Amino acid sequence: MRQKLVRLFGGVAIAALAIGGTAACKSDSGSDAADGCGSKIAFFGALTGPSAALGINENNGVKLAVDQYNKANPDCKVELVPLDSQGDPAQAPGLAQKAIDDEKLLGIVGPAYSGESEAANPLFSEAGLVHITASATNPTLADQSWPTFFRVVGNDLSQGPAAGKYIKDVLKSEKVYVIDDQSAYGAGLSSEVKKVLGASVVGEDKVQGDGKQADFSAVVTKVKNSGADVVFYGGYYQEAGLIRKQLSAANVKVTLVAGDGVNDKSYITGAGAAAAEGTILTCPCQPATEARGSFKDDYKATFGEDPGTYSDTAFDAANILLAGIKDGAGTRAEMLEFVKGYEGDGVAASYKFAANGELEADQVKVWAYKVVNGEVVPDQEIK
């Protein structure tokens, strides 16, 4: 029985354990079989397509973790396999099967989005392949009895009420218009927000996501006629940017509030800096630029920019898998056993999983971010 990792001082136990000590997982015989050496982990999410920015943030975090591990363990390297879903649930089963068929692949960081998770996770469960999502927040993902499912961020049962609380207590709005993109993520998040806002919701509408809609004039007219001073949008950054741009062009003076699917600089590009100014974006994650240890500096040195939303949680998820390999997990069953019993600190948070794969409740935090002078900056933790 492998010994459970315990929290170490300094707040970066995951990375320290994953990369510390050259070739510790190499077997005495030099064989790569059943000891983790020569294993693979994958990132599963959008690397191209309309939702790619958030996926690239995460893939970079995973790549950084693997690169650091391999530098520290040159005789026991791990390969990173990128699985580009384009954020499309229709592609998810095929990609999942591709991962399952690769016997050297011991764990997945992802899927990144809730819709593709719904499509891929049953296959991972059947195959016994661990998958740790760094960003898919639909609460129902944890209700399916998938033993291989783990999540290193809070779900929309934490984010949705927090966003509603911010709208009520900070923005003090009594007239909110709610829009969602009909995705598993967007519709689910909006539903939780509406529960908090109650009678303050003066109208609601649905749009098409995944780059399928560009003209939101009808929605803009409805928002204007509703008298709302806040719009909540459940969906991703590409449509949010266009909605914000078209609201401003029509001189509709509202504050846009949206969730983590919009929390990316690509939203500002789509909306235009002037229109995006003052937008509030929530996330069940701390500011990535305030991650513990040297993560921010290491990320910037590698990729030439600051870490984005979920870069740090993806880094931590990858390091949990790498810590399993370091501990000797050479099969999927051994990796599952390791992750189920895992407890440790990463650069973004501390991690301990409940029986359904969720983080223990006391580890979940939700932050509000604000667009100021063309940048997404931390505003406050929502408590």
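Val372 stands opposite Glu375 of strand 14 in this predicted model. The two strands concerned are strand 13, residues 367-372, and strand 14, residues 375-381, and they pair in the antiparallel sense over six bridges. Together strand 13 and strand 14 form a hairpin with two residues between them. Asn373, in the turn, has a positive phi of about 50°.

**Overall chain**
- The protein chain contains 13 helices and 14 strands.
- The C-alpha trace spans about 75 × 40 × 35 Å along its principal axes.
- A compact globule of 383 residues would have a radius of gyration near 21 Å, and the protein chain, at 21 Å, agrees with that.
- Of the 383 residues in the protein chain, 57% are buried.

**Aromatic pairs**
- A pair of aromatic rings is described by the distance of the centres and the angle of the planes.
- The structure holds ten aromatic pairs.
- Phe44 and Phe124 form one of these pairs, edge-to-face, with 6.0 Å centre to centre and 85° between the planes.
- Phe44 belongs to strand 1 (residues 40-45) and Phe124 to helix 4 (residues 114-127), so this pair ties together parts that are 80 residues apart in sequence.
- Phe44 counts as buried because its relative accessibility is 0%, and Phe124 counts as buried because its relative accessibility is also 0%.
- Phe295 and Tyr299 form a tilted pair, with 5.8 Å centre to centre and 50° between the planes.
- Both Phe295 and Tyr299 lie in helix 11 (residues 295-303), where they are four residues apart, about one turn of the helix.
- Phe295 and Tyr299 are both buried.
- Ring pairs link Phe295 and Tyr299 with Phe303 and Phe315 into a cluster.

**Cavity**
- Rolling a probe the size of a water molecule over the atoms shows where empty space is left.
- The count of cavities of 30 Å³ or more comes to one.
- The largest cavity has a volume of about 80 Å³.
- Its lining consists of 13 residues, and those nearest the centre of the largest cavity are Ala112, Tyr113, Ser135, Tyr236 and Asp260.
- By class, seven residues of the lining are nonpolar, four are polar and two are charged.

**Backbone exceptions**
- Most residues other than glycine have a negative phi, and most peptide bonds are trans.
- The peptide bond from Gly110 to Pro111 is cis, with omega near -10°.
- Pro111 is placed in the loop between strand 3 (105-109) and helix 4.
- Gln86 is a residue other than glycine with a positive phi, near 55°.
- The position of Gln86 is in the loop between strand 2 (79-84) and helix 3 (92-101).
- Ser145, which is not a glycine, has a positive phi of about 60°.
- The loop that holds Ser145 runs between strand 4 (130-133) and strand 5 (149-151).
- Ser145 is exposed, with a relative accessible area of 69%, where the class requires over 50%.

Note on methods: Residues numbered from 1 in each chain as written. Predicted model: local features only at pLDDT ≥ 70, side-chain atom pairs only at ≥ 80, totals over all residues. Heavy atoms only, no water. 1 Å grid on protein atoms, 1.4 Å probe; cavity = no way out; pocket = protein on both sides within 12 Å on 5 of 7 lines; lining within 4 Å. Points joined across faces, edges and corners; volume = space filled by probe spheres on them. Nonpolar A, V, L, I, M, F, W, Y, C, P; charged D, E, K, R; others polar. Pairing = 2+ DSSP bridges. Phe/Tyr/Trp six-rings, centres within 6.5 Å; stacked < 30°, edge-to-face > 60°. Buried < 20%, exposed > 50% of the residue type's maximum accessible area, 1.4 Å probe, protein only. Rg over C-alpha atoms; globule rule 2.2 N^0.38 Å.
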